Amino acid sequence: MKKIAWVTDSTACLDEELTNHPDVFTVPMTIVLDEKEYKDGIDLTAEELYAKLKHLQVPPKTSQPSVGEFVSLFEKLEGQYDHVFSILVSAKLSGTVSSSVQAASMVNTPVTTIDSKILSYPLSRMIKKGMEWIEAGNSVEEVEQKLSELANTNETFVLIGSLEQLHRSGRMNGLSFFLGSMLNIKPIISIEDGVLQAKEKIRSESKGMEKIISYLQASIEAYAIKEAYILYGLHDTEARKWHDELCKRFPDVAFGIYPLGATIGVHAGENTIGISWFNRL
């Protein structure tokens with residue numbers, strides 16, 4: 001069996017298993033707050049980010065890891081591993097995939113870059129699935145194909161916690177922000193083919209939760225899914241309430257609770273919450 005290194009970026013929000021895995025490596029995103037740069041997960045925790053967001057003079061920005069950062073990591077892995085899988089945040093949300101592809105062409109290490117079309121814990125789940133397939137004896141080419149197919153089966157629906165934050169980060173135009181804040185509208189954002197889409201406009205969090213649960217129920221009925229991921233901004237209290245309710249309604253589905261992470265919090269706000277799952281895992 002080939003020895004595989006698994007590379008991702010800090011939007012993946014690795015769980016304890018992957019954080020401590022000797023073959024998993026993370027390239028951090030950069031977060032810019034009042035013109036000062038921070039490396040996600042290294043210089044700045046999610047808690048610190050949300051505290052700083054309340055006092056910023058300039059709208060926050062995020063940027064992908066540079067080509068050089070990927071080159072440096074890939075060169076370090078050369079000789080230690082037979083192959084590198086670089087599984088990264090959606091290429092339509094960040095230039096991280098492009099940085100990895102460019103870096104791969106500049107090193108001797110064989111690298112396969114995968115556009116996950118997603119972010120946060122579902123990205124981590126793809127890494128775990130890739131590991132399972134390698135351990136089961138699949139070739140690098142087979143795992144590449146399977147991961148690319150898996151990326152197309154994800155569904156993610158998120159109730160945005162802060163229209164103001166979405167607006168300040170440049171992800172929402174002024175008119176939509178004004179109307180949303182005036183009418184107390186909470187948008188449900190979906191990620192479809194790697195792109196953020198405004199799915200619904202909901203008047204309350206409880207109605208938003210019911211609408212997202214209806215999407216989940218449709219997938220459970222159509223695909224008999226067995227696991228789903230509750231994603232939250234900063235506070236897990238509401239996520240735990242969702243967890244209790246979902247476990248009651250869908251006892252055959254395993255629900256986990258995972259943070260969205262600092263990079264995503266810049267755009268979505270600390271009270272963001274949603275659900276994600278793969279229809280064919």
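In this predicted model, helix α5 passes helix α6 in a right-handed crossing. Helix α5 spans residues 121-135 and helix α6 spans residues 140-151. Their axes lie 10 Å apart, and the packing angle is about 150 degrees. Angles over 145 degrees count as roughly antiparallel. On the α5 side, the contact is formed by M126, K129, G130, W133 and I134. These residues meet V143, K146, L147, L150 and A151 of α6. By class, the contact of α5 with α6 has seven nonpolar residues, one polar residue and two charged residues.

Helix α3 (residues 67-77) packs against helix α4 (residues 96-104). The angle is about 50 degrees, and the axes are 8 Å apart. Helix α3 is therefore oblique to α4. The crossing of α3 and α4 is right-handed. Helix α3 contributes V67, F70, V71 and F74 to the contact. From α4 come T96, S99, S100, Q102, A103 and A104. Six residues of the contact of α3 with α4 are nonpolar and four are polar. No charged residue takes part in this contact.

A further helix pair is formed by α9 (residues 205-223) and α10 (residues 236-249). The axes of α9 and α10 come within 12 Å and cross at roughly 45 degrees. The two helices, α9 and α10, are therefore oblique to each other. Helix α9 passes α10 in a right-handed crossing. In α9, the contact residues are E205, M209, E210, I212, I213 and L216. Their counterparts in α10 are E238, W242, E245, L246 and R249. The contact of α9 with α10 divides into six nonpolar and five charged residues.

Pocket analysis gave a volume of about 400 Å³ for the second largest pocket. The lining of this pocket comprises 20 residues. Of these, S10, C13, D40, G41 and G261 lie nearest the pocket centre. By class, the lining of the second largest pocket has ten nonpolar, seven polar and three charged residues.

Conventions. Residues are numbered from 1 along each chain as its sequence is written. This is a predicted model: local features need pLDDT of at least 70, side-chain atom pairs count only at pLDDT 80 or more; totals for chains, interfaces and linings use all residues. Side-chain values use heavy atoms; hydrogens and water are left out. Axes are lines fitted to C-alpha atoms, for helices over the stretch in contact, and angles run from 0 to 180 degrees between N-to-C directions. Helices (H or I, at least four residues) and strands (E, at least two) are DSSP runs, numbered from the N terminus. Angles under 35 degrees count as roughly parallel, over 145 as roughly antiparallel, 65 to 115 as roughly perpendicular and the rest as oblique. A crossing is left-handed if the near helix is turned anticlockwise from the far one by less than a right angle, and right-handed if clockwise. Contact means heavy atoms within 4.5 Å. Ala, Val, Leu, Ile, Met, Phe, Trp, Tyr, Cys and Pro count as nonpolar, Asp, Glu, Lys and Arg as charged, and the others, Gly among them, as polar. On a 1 Å grid over the protein atoms alone, a cavity is a set of points where a 1.4 Å probe fits but cannot get out, and a pocket is an open set with protein on both sides within 12 Å along at least five of seven lines; lining residues have an atom within 4 Å of a point. Grid points are joined across faces, edges and corners, and a volume is the space filled by probe spheres set on the points.
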